[in-house]
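Hi everyone, thanks for making time for this one.

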Amino acid sequence: MDQDVPKTIFVVGLGMVGIAFIEKMLNLDEAKRYRLVTCGEETHLAYNRVALTDYFQHRSVEKLYLNQVEWYAQQDPERFLFHTGEQATCLDTAAHSVTTSKGRSISYDYCVIATGSKSTLPPYISPEKAERARGVFVYRNISDLDKILSYSEQEHVKGGCAVVVGGGLLGLEAAKAVFDLEAISEVVIINRQAFPLSRQLDDEGGEIVLRRIEAMGVRVLTRTSVKDITVASDGVLTGLILSDNQHLKAEMVVYAIGITPRDDLARQAGLECFEKGGIIVNDLLETSAQDVYAIGECASWKGNTYGLIAPGVEMADILSFNFTQVETGAGGFKPRQMNMPDLSTKLKLMGVDVASFGDYFADKRSPRGVLNSKLAVIEPSTRDKAEKAIHTTTTVGELSLSETNLKEGEVAINSVTAEKKHGRRQAAVDGLIECLTYRDPFSYVYKKYIFTADGKYLLGGMMVGDTSDYVKLVSLVKKKKALEEPPSKFIVGSGSKGEDDGADLDDDTQVCSCHNVTKGAIGECVKAGISTLPELKAKTKAGTGCGGCLPLITNIFKADMKKAGHAVSNNLCPHFAMTRQELFSVVKIRKLKTSPEIMEAAGVKKDSLGCEICKPVIGSILSSLYNELVVAPVHHANQDTNDKYLANVQRNGTFSVVPRVAGGEITPEKLIVLGQVAKKYNLYTKITGGQRIDLFGAQKQDLPDIWEELVAAGFESGHAYGKALRTVKSCVGTTWCRYGIGDAVGMAIHLEERYKGIRSPHKIKGGVSGCIRECAEAQSKDFGLIATDKGWNIFLAGNGGSNPRHATLFAKDVPPSNVVRILDRFLMYYIHTADKLMRTARWVEQFDGGIERLKKILLEDELGICVDLEGEMAELVGTYADEWKAVVDDPARRRQFRQFVNTDERRLQTEVIKERGQERPADWPKQSLPAKLHESVITTPKSEWEWRKLATVHDLMPNNDATTSAAIKYGDSQLAIFHIPRRGYFATQQMCPHKRAFVLDHGIVGDDLDGNLYVSCPLHKRNFRLTDGKCLNDEDFSIIPFDVRQEGDNLLVLLPESDKLDAAIGTSNWMVKQASVELASRGGGEGIEIAGVGVSSTESGSACSGAGSSCTGGNASLDW
């Protein structure tokens, strides 16, 4: 073969290990000797299976992608080609070819099988039976989860029982997933062993996990198994028959009893496979067929298969190294060989942190001699007592015990004599080993560390509840490094407080076990110029596996940034050398009331405009202190688009309208009005999670008219657009429910009416449940109440979203008359002290002293500020005015909502399609391709442009304290005009090229410290300089600026003829259209050809959809 022709490596499978191998090959193959081709049978791109449980929360597979679609599009198609929704069905090792399910035949020089594994079903469920039975599932991939979600919503399943068979890692993941389903009222785990996680923990550790799971309300049946399932005549599951012949009623069962390597393709091809499953590989990961390799869960090495991600990534490391580094221009290198992988694991299961590392069962496997133990009973929370007890009880043989089970609150030092029996030796160490054990049942914490008899070496261990030292301990075991501290320090800690930044870790310490990232690699990335955590994750993959390492990774990154002189600043932005909390204090104490006053008093540069970061913060602070109307001219320019137009901007430039429905209670008459308004203005309607109705697709110019009809019917603004109180969700409580103890609806309405319209650092949500059944999900809210027979339990600082937090019980049995006082204090103190865009959950987590300190401040009044906080809230509540009504009643304010100030014409910004009986905007493409627009794309030279009157000064409503803006229509083109006090008028195209959204007149106008003026796109914050159109924070985009001059009351813009401008930036050419998107997503078509822009049919290609299509990796010149 010609040495210059790249050799083809065909990778069977696009899972976590397959994509890891591909990425490593692309990085290591600098000589470009290989071409990688792969196919995955799922329609999705490679995603993180370790985080499958998160899918139940966000239902978005894109959030699980290991690499976003853009990454695939950026790859050179000559180096990497992939196909999704396509399975390799035949491997011909003699012909070196693979045939796929779509009939495609692909020749290879080398084949790497990474097909993973499949979930195991018990013998009593044949594949045919599993196919017929309804309600029987496994837990392995996105398809399995979608089936579980869909089935759980069926009427006969709602409120029923879900059974998970299996108490291992996968079983507990599955149990947590179904536990979180609202439709399921009861979850049962069936485990053959006495305790869960028997392969990672001993009985004492398993018991702690068991108690924690049961405390959540999950039943765990141990020392039992399932003999069969029972189904109705229509195939619907009715229950399970247990080993003692008892019948367990169930509406759904999820099997998580193990995995089986997917070796069927290899067996068909005649490759040697292990009897129990798995493709046999040698130390070089070669199979029995020439040029065929196997990695990951499908590979059997020395009779072992591994179901963890780390061994699979290690195999990918070895194989990619051997392909690219054994023979290089710099000389040869000995091939790497497979060694016994590290099976240490650290996961969060059922809300419990669990870890095991090293030889964690050394004491169980070893031949036992005489067990000598000294026992010290301690208070679990008393560190110094525990340490003292341990130091004084280390003599082996001082006390002999026949019973080794620990009682509550005990620390034990156990000595095990390892004897040679029948020629066997202890695996971990020849001689004595000692186990140091700590058990705190009150905090659900258990630790057992195994040391050599002299206490100099750590051999392994397990942890439940507190896994903060995991990375350090794994490093000590791997390096076989002698301990510099007594073993007692490891079991009770050193007593240091604060965040762990890994300062005591060596540079070669592995801090991400999933992707084998060391501490030193993070430092090297910082030195190479990486300055953000997302960049670090993209470069190293650290934190993209199980995610357990992310807190440590983040702290190490911050520490390295600080060492490099790039410390992460807590300052608000370049315009203010202080935090949001400090700025709040300055504004309050000095009684500042406008943005110019604040910039003059506290800004780095006194005459700056501010930016897209600080202006909304200033607006929020002023609202939190004085609650003046955000649509007032002096405040309007500080608001982000949502607050500026009192509605949520959507991706097509329209808005959604959410009227307030306090407590979720609404009359039939009001419901009818909502329906009539939606029908009249052709609005897409949807029920929100906060018990309200959202009306989507409102044109900006229609907003005042829509509000006028709603206000006339008794509605007010729901502030869904603001960083303010959104809703207080309620159950029906005593109003209807037979279990109700408290009037949940009445309390929710009272709280929502009190706190409506109050701006805060981030949005606030509340919930009120009338009894402990907790139907309002109050414990997932910023504040929540649950009724008891003695009053209300108050929970604080919970939230859902991408990083959910369970609310903390703050006060018990609070009389109804005292609830408001406590919440007033909490919300006002949060407004005073939280950072910008910080939810209450994150605020409490970072608050010095945490929730206990807050109790002293807000319940015990330790700082003597509670009366002041209550007074401030009362004053703030008294300033409320409905913002919608303020616009409706003011003709001047209504004028601000015109689409174009120079015409009453309307222009759709995105094509509208119909789906499920309602209209919605056409989909955005999967990727945003570079689009740099300059005046040179206009065929008429600028010397021939003319000044054209397009607006008046009055149209922009200029003032001396704030910027203003407006959109104008010229032919089929849209322009944005801006007025900046003391700087004059500026104009640009209206369209942001990033997502082709015609919204730039909505954006915040700001400047940097060098005086560069820019407009920030309201959708994704691309900042375009007003003087030359350059994007200051994304070099892939630019826009066309235009000259503006004032003649009397008229504003003139220098422009070519309208048809020449339309050819470059006309709305019809650039608006998103569904047909073009679908064509690009299927990998075909030429996109949209824009005259004069330089995107021609010869340059265009297929965009990469990542779903059910082939993809060459994309092309930078592709159109949507």
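I'll start with the ground rules, then go through salt bridges, aromatic rings, one leucine and a sheet.

What you see is a predicted model, in which local features need pLDDT of at least 70, side-chain atom pairs count only at pLDDT 80 or more, and totals for chains, interfaces and linings use all residues. Residues are numbered from 1 along each chain as its sequence is written, and side-chain values use heavy atoms, with hydrogens and water left out.

Let's take salt bridges, meaning a side-chain nitrogen of Lys or Arg within 4 Å of a carboxyl oxygen of Asp or Glu. The count by this rule is 58. One of them joins Glu 845 to Arg 805, at 3.5 Å from N to O. Glu 845 sits in helix H26 and Arg 805 in the loop between strands S39 (791-796) and S40 (808-814), so this pair ties together parts 40 residues apart in sequence. Helices here are DSSP runs of H or I with at least four residues, strands are runs of E with at least two, and both are numbered from the N terminus.

How exposed are the partners? I call a residue buried under 20% relative accessible area, exposed over 50% and partly exposed in between, using a 1.4 Å probe and protein chains only. Glu 845 is partly exposed at 48%, while Arg 805 is buried at 18%.

Next, Asp 955 meets Arg 898 in a salt bridge of 3.7 Å, N to O. Asp 955 is in helix H31 (residues 953-956) and Arg 898 in the loop between helix H30 (891-895) and strand S41 (912-915), so parts 57 residues apart in sequence are tied together. Here Asp 955 is buried, at 13%, and Arg 898 is partly exposed, at 23%.

There is also a network of salt bridges linking Arg 651, Glu 915, Arg 916, Arg 920 and Asp 923. Keep Arg 651 in view, please: this residue also lies over the face of Trp 924, at 6.0 Å from the ring centre. For a charge to sit over a ring, NZ of Lys or CZ of Arg must be within 6 Å of the ring centre and within 35 degrees of the ring normal. Lys 670 does this with Phe 715, at 5.1 Å.

On to ring pairs. Rings of Phe, Tyr and Trp (its six-membered ring) pair if their centres lie within 6.5 Å; planes under 30 degrees apart are stacked, over 60 edge-to-face, and the rest tilted. That gives 26 aromatic pairs. Tyr 829 and Trp 843 are edge-to-face, 6.2 Å between centres and 70° between planes. This pair links helix H25 (residues 816-833), which holds Tyr 829, with helix H26 (residues 840-846), which holds Trp 843. Both residues are buried.

Which residues contact Leu 625, leaving aside its neighbours within four places in sequence? They are Phe 584, Val 587, Lys 588 and Leu 876, with contact meaning heavy atoms within 4.5 Å. Leu 625 lies in helix H19 (residues 614-626) and is buried at 18%.

Finally, find the open sheet of three strands, ordered S50-S51-S52 with antiparallel pairing. Strands pair if DSSP finds at least two bridges between them. S50 (1004-1007) and S52 (1023-1025) are the edge strands. S50 and S51 (residues 1013-1016) are joined by four bridges, and Asp 1007 stands opposite Leu 1013 in S51.
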